[in-house]
Each structure stands twice: as structure tokens, then as C-alpha cells.
Amino acid sequence: MSSPTGPASGLPVRMPRPRQPGRHRRPEPLAAPEGAPALVLAVPGTPSTATRGLAEEVVSIARSELPGLDARIAYLDGDDSEFPTLQGVLAHAAEERTARYEQAKAAGLDIKEPDGPVAVVVPLLAGPDSALLRQIRQAVMESRVAADLTDVLGPHPLLAEALHVRLSEAGLARADRARLFTVATAADGIILASVGGDEAAQAAGITGMLLAARLAVPVMAAALDQDGSIASVAEQLRSSGSQQLALAPYLIGPEIDPGLIGEAAKEAGCAAAEALGPYPAIGKLALAKYTTALGIAPQQPQGAPVR
């Protein structure tokens, strides 16, 4: 026990650390506002245990960046048992918010009836895919729940960083082009493979320019879901002087059959890196979409500098 002048028992008293003055003090940590909408990660593709593990890692990263975040996972092709559907997750979030309000009123608390969106839906997509985005919008409408829908995660410098890492992990690119060593299998031309047709390929091309700046090799985007697109881009790269190509999936993973990446690499006659998967940038970008939608983001997450 202690007194105002010091510890009565002689034991040390932990005093609060004074806040550092000046403009170089550490920023106050951002936390989710009380009663904030849920972040609902909309996961495309056929649900599986692997897909669930990936989605759980993504929301875990988002929660670690924003304490108090209510983050949930919904599957576009779910079954509302093992893999909850987007409609079901939104309806459950709305029911919970109403129940909390009713409990508070019953307890005699003077609180305002909740308004605004129940959730912010973030598509787990690196680039635009009109068919999948239409499916997400339809699910939100059918839920009859007030929810905001964000854009897809890219293009963004962090996705170029993630692509670079996946290529280096596969031995297809130098981890750091400033270091004086060689990678025997390093590619001198990159095919950036997307899904979603021409619109997706064009959007991927923006991230491709950032990747090209990191690797100092040509990067061209192609559509996995368009016949002949991969082979055509491979031919263009070879005709411009690239001899050793690599395929970099501009995909998080669940949105396509994993076998399509191998088939595309075979079509192009080259090796392929893994899909982006639960790379930390994916969770950070999903959170950035959420906080921006709510107007609580101090800034977008920044990509690592080109080295």
C-alpha cells in the first residue's frame, strides 16, 4: 500500500511514464472506435480448410494492427455451417448490434440507437474481377443489411513488394538487387498473371510497373482467364529480348483453382512463383480499406522503398 508521498511499505511504485513532448513523440496507438462496424472479409472461390487458414491469417494481421477490431470471415460460396456465407455473416452482425442496443436500454442506459453501416465488406481480391464483385454486391443486397463495400486491395506498392518476395522465395528474383551476388535462375522477364479479363490485366499492369522498378526487368500483365493471353505475353517478352521468364500470380489464392497457375506456367514455358497468400501486406491493405471507409485511417500503409 502506498501514500501520496511514496510507498508505505518501502516497495517501489510504478509511476506513469511522462508523455514525450514535441513533434517527434510517438503517435498514440490507433484502436477501433467503440461500436464500430465489423470488418467482413469476403472470400471468393470454393471454401476449403486451406482457404479458411489463409483468411484467418489475414484477419489476424488486421486485428494486430487495430486493437478492438471486430473482424469476420465470409465465403461467397459458403454453406452457412462450416463456411458461413456473406449474407449469413452480415445478418448475424446486424442481429448482434440490435441485441447489444436492446440490452443497454433494458439496463437503463441512455444510449443512442445505432445507425450507419453494420459492416464494411472488404473483397479478398488483389485486382478487379467483375464477376466476383457482382456476386459480392448481390450477396450484400440480399442480406438487407446496411453495409459498405470497399474496392479491391490493389494496385498498391505493398503488392509489388509481396510479388517480389514470392519470386525471390522461388529463386526467380534477387531478394535485393543492390547486393553483389547472382541468382542463377533469376528471371529477366516477368509475366504478371491476373484473373478478371482485360480490366484486371490493366489494373495489374500498374502494380507491374512498380515490380519492374524493383527488379529492373520488364514486367507484362496477362489474364489467366483469357485463352492465349499468357502465351501471347510470353512471346512478346521473348521477342523483346527476355530469355528466362517467370510467372508471378497477381492473386491471393482462393479466387482460382491452384492448378491454373501450373498450367499457365507450362503454357508460357517458364517457372512460377506462389500466389500472394497471407503475406502480411494483404492484412494491412484489408485493414486500410476498412479504416478509410470509416474515416479513421491516419494514412495508407506504405510500401518498402525500392532498393
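These are my notebook entries on a predicted model of one protein chain.

**Entry 1. The whole chain**

I began with the outline. The chain has 307 residues, and 45% of them count as buried. I then looked up the secondary structure, which comes to 8 helices and 10 strands. I also checked how far contacts reach along the sequence. Among contacts between residues at least 6 apart in sequence, 74% join residues at least 24 apart.

**Entry 2. The sheet around β7**

Next I looked at how strands are arranged. I found an open sheet of 4 strands, in the order β8-β7-β9-β10, with parallel pairing. β8 and β10 (271-272) are at its edges with a single partner strand each, so one side of each has no neighbour in the sheet.

I then followed the pairing of β7 on both sides.

I stopped at the loop between α5 and β8, where Ala 216 is placed. Its phi is near 60 degrees, a positive value in a residue other than glycine. Most residues other than glycine have a negative phi, and most peptide bonds are trans. Ala 216 counts as exposed, at 57% relative accessibility.

**Entry 3. β3 and β4**

I moved to an earlier part of the chain. In strand β4 (residues 71-75), 5 of the 5 residues are buried, and the strand is mostly covered. I checked its two faces. Ala 71, Ile 73 and Tyr 75 lie on one side, Arg 72 and Ala 74 on the other, and all are buried. Strand β3 (residues 38-43) pairs with β4 in the parallel sense over 5 bridges. Within this pairing, Leu 41 has Ile 73 of β4 as its bridge partner. The link from β3 to β4 passes through helix α1 (residues 49-65), and this β-α-β crossover is right-handed.

**Entry 4. Either side of β6**

I looked at the loop between α3 (130-143) and β6, where Arg 144 is found. Phi of Arg 144 is near 55 degrees, which is positive in a residue other than glycine. Is Arg 144 buried or exposed? Arg 144 is exposed, with a relative accessible area of 79%.

Past β6 (147-149) comes the loop to α4 (157-169), which holds Thr 150. Thr 150 has a relative accessible area of 10%; the cut-off for buried is under 20%, so Thr 150 is buried. I listed what Thr 150 touches, leaving out residues up to four places away in sequence: Val 120, Val 121, Val 122, Pro 123, Lys 289 and Ala 293. Pro 155 lies in the loop between β6 and α4 too. The peptide bond from Gly 154 to Pro 155 is cis, with omega near 0 degrees.

**Entry 5. Cavities**

The largest cavity has a volume of about 50 Å³. Which residues line the largest cavity? They are Leu 125, Ala 126, Gly 127, Pro 128, Asp 129, Ser 194, Val 195, Ala 200, Tyr 250, Leu 251 and Glu 255. I sorted this lining by type and got 7 nonpolar, 2 polar and 2 charged residues.

**Entry 6. Lys 266**

Last, I looked up Lys 266, which has its place in helix α7 (residues 259-268). Lys 266 is exposed, at a relative accessible area of 73%.

Conventions. Residues numbered from 1 in each chain as written. Predicted model: local features only at pLDDT ≥ 70, side-chain atom pairs only at ≥ 80, totals over all residues. Heavy atoms only, no water. 1 Å grid on protein atoms, 1.4 Å probe; cavity = no way out; pocket = protein on both sides within 12 Å on 5 of 7 lines; lining within 4 Å. Points joined across faces, edges and corners; volume = space filled by probe spheres on them. Nonpolar A, V, L, I, M, F, W, Y, C, P; charged D, E, K, R; others polar. Helix = DSSP H or I, 4+ residues; strand = E, 2+ residues; numbered from the N terminus. Buried < 20%, exposed > 50% of the residue type's maximum accessible area, 1.4 Å probe, protein only. Contact = heavy atoms within 4.5 Å. Pairing = 2+ DSSP bridges. Right-handed = clockwise from strand over helix to strand, strands pointing away.
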